[in-house]
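The entries follow the order in which I looked them up.

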Protein chains: 2
Amino acid sequence: LLGLGHVGSAIAALALARPAALERTVSITCALVRDPGARVRQPGVPLTTNPRDVFEGGPEVIVEVIGGLDPARSLVLEALDRRIPVVTANKSLLARHGNELLTAARQAGVPLRYEASVIAGVPFLDTLARRPLASSLSSLSGILNGTSNYILSEMERGSDYRAALAEAQRRGFAEPDPSKDVEGIDALEKLTILLRQFTASDVSPDAIEVTGITRVSREDLVHARELGGVIKPVVHASWSGHEIDAFAGPAWVPRTHPLASLSGPTNGMRLCDGAGTALCFTGPGAGPRVTAITVLDDVIEATRGGWAPSPATGRARVSAPATRWLVRARGREPRPDVTSFGDRLASCGVGIERVSVGDACGRGTAWLLTHPCSRDRVEAAASTLAAAAGCDAFVLRTLEP
Amino acid sequence: LLGLGHVGSAIAALALARPAALERTVSITCALVRDPGARVRQPGVPLTTNPRDVFEGGPEVIVEVIGGLDPARSLVLEALDRRIPVVTANKSLLARHGNELLTAARQAGVPLRYEASVIAGVPFLDTLARRPLASSLSSLSGILNGTSNYILSEMERGSDYRAALAEAQRRGFAEPDPSKDVEGIDALEKLTILLRQFTASDVSPDAIEVTGITRVSREDLVHARELGGVIKPVVHASWSGHEIDAFAGPAWVPRTHPLASLSGPTNGMRLCDGAGTALCFTGPGAGPRVTAITVLDDVIEATRGGWAPSPATGRARVSAPATRWLVRARGREPRPDVTSFGDRLASCGVGIERVSVGDACGRGTAWLLTHPCSRDRVEAAASTLAAAAGCDAFVLRTLEP
């Protein structure tokens, strides 16, 4: 075990409980930690601060749950170089250095498994990596961050952002520093992992548009509903070869979309092929117990043989798609001048499909659902509107069905 | 290829189209058919009527898509005996003889794959068979027959049973003889396959309660909706060791249940573990193209090695569960005497939770949602009601959340 935090401890506890379902006993040769004094000692889990103890203790599989990029990257590379199979749940590492690691695994002929990195409770990554025809897809949409989905779901039910975040932390979905969750980075990293697999392209997370949920208000959720949808923290991508349209961030989702009904910490993903066939997977996205189950199943699979997914074969070219937008325009007066708002946007080439009117912080506000256009265009239009009508304007993407 | 019907032809056409996603070319050594004159000849698909030509033609994998029990069973056993990997999509064969085939595959040390047998478009059976902890489940619910789901969805939208069935046949979901679909046998067979895998029990389909959708009327669907749900063709099972509660048939499903929103030919399954974790998989359940994709992916996997799921280790003891029921009581008068209906049922020990009133065929009818009880009890109560009040009564299970 590399790392013995929440997830590492849950893995150790599950392995040591010897679940009846496991045909083989899983024992832990040792756990690498930075500060043994800071860890509660578990019988059966020898601690060390020296990576050499891990590599030379004869482990059949190395499990990396340190998190972050370093030293996780160099430890995983060393394990693969020593031909020791690796299981990891580290999204950041896979998003940033996945192709290097897959290449190393391929060269060493040993498995590298990371089923827990995306929708931790639902095994599908390896299944699809093994199945070339089921993986011949053209688009995906998903809710990949449980903390954000939980917070927006609670805000839908009337909670405010801070209370919902505090409750997510109390329940163990959100980290003490929740910025990677609420700013969309966690979902972005998972999207990067999926895109590498489904497009065979090496994708940099930095190339993908990402926004967080922190600017979404309770009023936005209410008026999203009046417009026939719900605001969800999504990822979306469509592709042809190495050309990818993608974004990660909160979006207005039509109520009939399969992702619209996923609430609380539940994650889900919808995969579509060119013929219109759609598969959905939903389940728990995170949590120490769920992650420990998936990691230990990966350990069992890693002992079966040398399979690892292929590294990417090309470099992705990523753009942000044209979508419809939800524009929130908050004026100075108690009642918004919807006609004028709509005219200003239309004059900038942004057509309006539907409008919901209300107030936000005592000021007349309109929520306008636009026709599809680029982010540049809607942001230019929103700036023009803000300057001319004294509005403040906020834009949010939509997820098309 | 054993068999060259709709599915067999789709597999041949897909293989011969050489999809770019396949790293290896798949060629067809020969296809076993009963009457070569009855088949449209495809270039690249030599036909034979002699099984010996198939076995001795040096195939790397044998694909069984004849359907039915015989000669499919003996041909698959012969292939395994000759240590040739087998891929099949044959639910009936797997439901009735799956344990015998799995045992033969295990003894021969060759793969037996049947991913297309349950929710043909969604690969999950093998994934879960490989993952002992993710497979430590305690219940499942599913919509496993696309024809029945399509028919009830169309009836919801105002179509009548015959027109919906004819349309399903026109679109290729339903067989020319749809009785296995509409009488619930197809879903029952799939449930049997799932139960063998998840409970490690050999389950006979004959031990499981099964009902068809043919007695469900449009009025039932309307009043199911008034009671806050929808009637869906489901399977449900919960278990502890080899003790299983299970049924297959149409059931009233609360609107908030994840299966309630699956309409048309879409299939789906919800798997729950003892800790309340739920995974869902949804996607197309049948169709030649989708089945061909899954079968060919299985062929690719079968060439990778000798993995096959374990045969069952025990014999299942199956009961029908106590659930709530939807009782349709159609009286003689234009207005139903709901109070009397409820009193009669209550006097037989069947409590009533909610009622919706209307008419069916011009006669006053009540739809009563009961408290949980056994089938024996609700059927005895319905008979008592029918005899005393001159009703005809029909009962339908509910799917609990």
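I began with the largest cavity, which is lined by 13 residues; Gly121(A), Ile293(A), Ala134(B), Asp273(B) and Thr277(B) lie nearest its centre. I note that this is a predicted model, in which local features need pLDDT of at least 70 and side-chain atom pairs pLDDT 80 or more, while totals for chains, interfaces and linings use all residues. Residues are numbered from 1 along each chain as written, chains are lettered from A and ligands numbered from 1 in written order, and side-chain values use heavy atoms, without hydrogens and water.

I took a cavity as a set of points on a 1 Å grid over the protein atoms alone where a 1.4 Å probe fits but cannot get out, and a lining residue as one with an atom within 4 Å of a point. The largest cavity has a volume of about 150 Å³, the space filled by probe spheres set on the points. Helix H11 (residues 288-302) of chain A gives the most to this lining, with 4 residues; helices are DSSP runs (H or I, at least four residues).

I then turned to helix packing. H6(B) and helix H7 (residues 161-170) of chain B pack at about 135 degrees, their axes 9 Å apart; angles run from 0 to 180 degrees between N-to-C directions. H6(B) is therefore oblique to H7(B), a class left over from under 35 (roughly parallel), over 145 (roughly antiparallel) and 65 to 115 degrees (roughly perpendicular). The contact (heavy atoms within 4.5 Å) includes Tyr150(B) of H6(B) and Leu165(B) of H7(B).

Notes:
Helix = DSSP H or I, 4+ residues; strand = E, 2+ residues; numbered from the N terminus. 1 Å grid on protein atoms, 1.4 Å probe; cavity = no way out; pocket = protein on both sides within 12 Å on 5 of 7 lines; lining within 4 Å.
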